[in-house]
Each structure stands twice: as structure tokens, then as C-alpha cells.
Amino acid sequence: MRNRTYTYRGWSLLAIVTAFGLAAGLTFGDLRLASSQTLILSANQVQEGTAIDGPDDPIWDRTTPVEVALSAQNIARPMGGTVRSVTARALHDGQRIYILLEWNDVTQNLSSQRPQDFRDGAAVAFPSVKGDTIPSFCMGQINALVNIWHWQADIDRRDGPATSTYPNMVSDGYQHQDEVTFRNPALAVGNILGEESRGSPVENLLAGGFGTLTTADAQIVDGAGRWRDGRWRVMFIRDLTASGSDLTQFTPGATISVNFAVWDGEVGERDGQKSVSQLIDLQLTGQPAEAAQNVDGRPTRLGVIFIIALVVLLGGVWYAVLFGRGRTRPS
Amino acid sequence: MTGNAITSPDRPFTGDRSAASADAAIRSLLVLLVFFALSELVLLRTISRIGIHIPKEGLVLAAYETLTGFGSFAFNLASVLAVLTLGLVVYRHLLSHGRSRPAWLAAIVLSLVLALGVALPFIENSGVPRLLFSLLSVTAMIALAAPYCLSKEKPGLRRCALALVLIAYLCAQYQTLAQASYGLLGLHSVPRSTVPALAIGEGLIAISAITVFLGWGRGGLAIWHLVPSTLVTVLLLGAFRSNAATVAILALWMEGLTLYLPLAVYLLALWLYLLTIIVRLSFHRDLFVGIGLVLLLVAGYSLDTTYQYILAILALLLIVSSHILDIPAAENKDHFE
């Protein structure tokens, strides 16, 4: 009897030791016994040099979009109410990557000149260092930077001078007004928000842990946005590779975590008050974007195989359920 | 047949050493799994993501790095424990019901889930293997929960609660499966109603928490049971009042919930769900149910990783264990003294 007890405890101990040993091995080997099961945003490849003329280019209608849920708006009443979402598409041509975001926004908020005005915005965020196989947990970690592309509606639309908002404003001349240090102190210290005419409406940022959101030295992300009928469409463009060790590097064939953020200026969203999406996987494929067209509406061969497999699996489940209902446990 | 599969005195002991050994190992692994799964949920999926709000110096930094480092190890250990435990449970299930075709079918599906779950991190995780894993996991969930929900022998509220959980998971998985299917089929539009399905599922999650309490939480409720669940709920309320946007983001990344419903709904659901867990864990009769409810909480709603899928399947298996899994009584003195 005691021998049996020791045997049972021995098996328990063996199982526990095995688990700890495997976990230690995974930790020291920087591996995970878990794989991402999130949505995949496939960036198929177009021919190098293909001109993509903004967010309304017809080529976007030939990509496979992914709709991702966003965290609810919790600032202005009524809070929540419906689940917000953003639709993402992506392409690359071997040299540059293009990402298109679409989301519903009843109002178009372009100005942030008045203290009570907040602009619409959108952002795409990647880990600076390629994460492991699970959705990146790196947001906010001290040893893992995040590269953020932040599109701002007012910069895109070249928000007019202050006099357009305050037509009766007057400013006197003052000494040294021709010197940038006095005329535009922000610009003098290198703050891009002080630039009178920025080349791109997208700001390239780096975020580490502990409140270190910083404008990257290289402003290499371009973009454009268009609002129509209560819907924004914003396109981001960047070279696959970028100089700077902290900037995200894209490699054809590789998969990287990405997530999106949206600001609705109408309800006062700004800075950390925004709606953020789940982390999904962005996969740069070598599959030609043109070949992905399903113009004749017929499923692909793989799709047919998948449907057959689905029917077989569900049939097995139904079989098990039917027989399971008829079973009675032995007394 | 009443009581829990592990302690019910009227459940006959099979006299099988293999079964008894597996039972002992399963119990030990489950206790560890609960501890480390909760640890990684708090220390890795939560604390590591609020680092941006924490002072970046001295003791706080050291504490942050220590806690998140332990959380990372806890994640690895919990993922290993989940695989081992589910594998042992499948093995135990076959020992008890090896002559039953549905039992073999369930074991095959669960084994495939485990095999893919272990293999996927080390192979190219493209669309087809990922879709196959999701499909098998959904099949396993239906196969586990449907007989329980359709059995007239089980209490109605418990069947209702489990049915709501299953339907909620199906709502969430609809987006995953539909999106992947559209990709494989080469379609260039968004699957219809994926986000509304997510919203419906999230609402069902809240309702199911209330039903879980009605089904499992009312019996044996004591005053002291209210304390831990109330503390956690008040903590969540305070965090929301302090920074609603960050809490909503954390809820989405931790549990897959967007918090689009009024906050009071989530607070009530959380309070009742935690209360049910505490009540069940304080009674050895329904230990498996309590552990299953904990693992469901850790798995979350959106199931972003293979680890969370395995946790959810294991949780459902534990909750319906009296219907499928036959574990000998712990009071059998011939084998457990």
C-alpha cells in the first residue's frame, strides 16, 4: 500500500520535474511553446516600381483585407455602445511597404488649433526587434522598443494659419523676430511639431518603456489620408529597410507583429486616449498581388480542399455528439 | 451520479494503477497550472504592458524587471503544464472509455490539437496550419461541450452557462476562421459580420458569467467568499476611473474584450464569476469545476495563442469532467493514503 502511494507520488514528481525542466530549457533558449493564432495581414507583392496613387488607388481593391476590433471609446458619453474596428490592407514591391487603414468616423476633424479641438489620427506600431512566435508582449517593456508611424489629419491637410481660426488675432512685431530661436523655439530645438511645412503627415516615433515616446531621427515614413462619407482611408509608405538599428526592418517572407490605433478628435481622443487594436501578424509574402485576384469568383483549389476538410470534420463532430447523447455511464 | 469526479464516494474505483498514477499526476499538474497561469496573466500580459506608466529608476525598475522576468518564465511553464495536463487527461479518458467510439474520436481530435499546438511554434506558422489548428480546436470544444449541454440529466442552469460559453467562443472563432478562409479562397472582401459577431460573443460572455454563478456559485456561498471577488472588482473600477483608455486596451490584450458595454455589466460579471470560482475551490467536491473556471478566465475570449486554445479546451474538459472523464475517488483508502 505504501509502495503504491510512493509510486503515485513518484509519477507526480516526474511530471512536475519534467515540466520545470522543459520550461527552464525554453526560457534559457529564448523559445516559446506557444504560437500566434491571431489574424494574418498578408502583404502580397506587386511589381517593383508599381505606382500606388494614394489610398484610393484601385490596386487596394485587389488585396485581402483584415478587419480588426478596437478597444472601446471610453472618454465621452455615451461611452462604448458599439465595437469599433479598423480594416487593414498591405502590399510591398520588394523595396517599399504600403499599409492602408480604413475606419468609420462620422466627423472629419482636421484642426487642433483651438484648445478644445482635437484632430483625427491613426497609427501603425511594430516591434523594433523581431519578436518571438507569440503576439509581441513588448509594448512598454524597457528592453524592446516599438516603432510607431503616426498619421495626423491636420498635418495631412495643411491646417491653415492661426488667423483662419482666430481671424481677429493680432501680433505685434518684436525684436529678433527673424531669428528662429525667438520666432519658433520648437523648430529651433528640432521639434518637428514646430515645422511650418512638414514633408510628410506621418511622424516616425520610437517608444520604449516608461514614457519614452520619442521622435525618431529619421522621418522616412510617408502617407496620405482621405475622408469620404464618414470613412477615413489612410495609406502609409516606407522602405522595407531603414538605416537606424531602432527602426523596424521588413524582410520579404518574414512575419512581424503589428497593431493599429485610431484617434477620434470629435470625442477628444489624443495622446494615450485612443482606441487600439489587437496585435495581429503582418506577413510579407512573395505571392504576386495580381495573382491573388479572384476575378471570376471561383474558389481556389486549396479553398475547395479546405471546404471538403471542413465538412468531414464537422461530420465527425456531429457523429460524436449523436452517439454521445445515447451513452449512459456505467453504475 | 452526483458530486465531483475526483471525490465522489459513489464513483467506483477502477483498480487500475495506470489510471491512479495518471490521476495523481493530473491533480498535481493542475494545481501548478492554475498558479503559473494566473502568474503569467498578471505579471506578463498585464504588468509588462503598463511599464510605460511606471517610474524608470531604482527599486521600482528592479521590481518591474524581476516581476516581468518571473512572468515570462511562468508563461513558459504554464504552456508546458497545459500541454502535459491535457495529454494526461486524454490518456486517462482512454483508460476509462477505451471501448467507446466517441471517446476515441474525441481523443484523436484532442491529440491532433496537442500535436499541432506543440509543432506550430517550431514550424512555419502560415495560414493553413494555423487555420487547421483553430478548426480542430473548435471541433474539440463542440465535441466536449455539446453532449453536456444536450444532456437532460444535467442541471438546466449549468447547461445554459456552458452553452453560452461555447456560443461565445464560436462567435470569436468565426472571425478567425472566416478571415483565414477568405484568404485561402482568394477573396478580396472582409467576411461579413465578424465584428458584430465579436460584439455578440462579448455580450454572451457577460451573460454567461451570471449564469455560471447561478449554476455553480449559489450552493455553499459564505460571507467570506465575497471578500476577494469584491476587492478585485473594486480594483478594476478604480483603475478604470483612473485611466479608462489604458484599462480598455489592457482588457483587449489580456482577455480580448473591447469593453464596449457599460462598465457596470463587466463589473457585475467579473464579481459573480470570481465569486463562483472561490466557492467552487473552497469545496473539494467541485475542485475540477473551479479550476476549469480559472483556466477559462486565463484563456480569455479571443484566444490569441495556441497556449490559450489549449487552456480553453482543458477548462471545458474539466467543467464537463463528470460526463466524460472518470477519475477515481480520492477517498479510496486502498490507493490514496
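Predicted model: local features only at pLDDT ≥ 70, side-chain atom pairs only at ≥ 80, totals over all residues.
View 1. Buried means under 20% relative accessible area, exposed over 50%, and partly exposed in between (1.4 Å probe, protein chains only). Helices (H or I, at least four residues) and strands (E, at least two) are DSSP runs, numbered from the N terminus.

**View 2. The surroundings of B:M141.** Leaving aside residues up to four places away in sequence, B:M141 touches B:A146, B:L166, B:Y169, B:L303, B:Y309, B:A312, B:I313 and B:L316; contact means heavy atoms within 4.5 Å.

**View 3. Strand β5 of chain A, covered on both faces.** In β5(A) (residues 121–127), 7 of 7 residues are buried. One side carries A:G121, A:A123, A:A125 and A:P127, the other A:A122, A:V124 and A:F126. In a regular strand the side chains alternate between the two faces of the sheet. Strand β5(A) pairs in the antiparallel sense with β6(A) (residues 146–152) over 7 bridges and with β11(A) (residues 255–263) over 5 bridges; two strands pair if DSSP finds at least two bridges between them. Look for A:W149 as the bridge partner of A:V124, and for A:A261 opposite A:A123.

**View 4. An aromatic pair across two chains.** The ring centres of A:F20 and B:F36 are 5.8 Å apart and the planes stand at 80°, so the pair is edge-to-face. Rings of Phe, Tyr and Trp (its six-membered ring) pair if their centres lie within 6.5 Å; planes under 30 degrees apart count as stacked, over 60 as edge-to-face and the rest as tilted. A:F20 is partly exposed at 32% relative accessible area, whereas B:F36 is buried at 6%.

**View 5. A tryptophan pair in chain A.** A:W103 and A:W151 form an edge-to-face pair, 6.4 Å centre to centre with 75° between the planes. Both residues are buried.

**Notes.** Residues are numbered from 1 along each chain as its sequence is written, and chains are lettered from A and ligands numbered from 1 in the order in which they are written. Local features need pLDDT of at least 70 and side-chain atom pairs count only at pLDDT 80 or more, while totals for chains, interfaces and linings use all residues; side-chain values use heavy atoms, with hydrogens and water left out.
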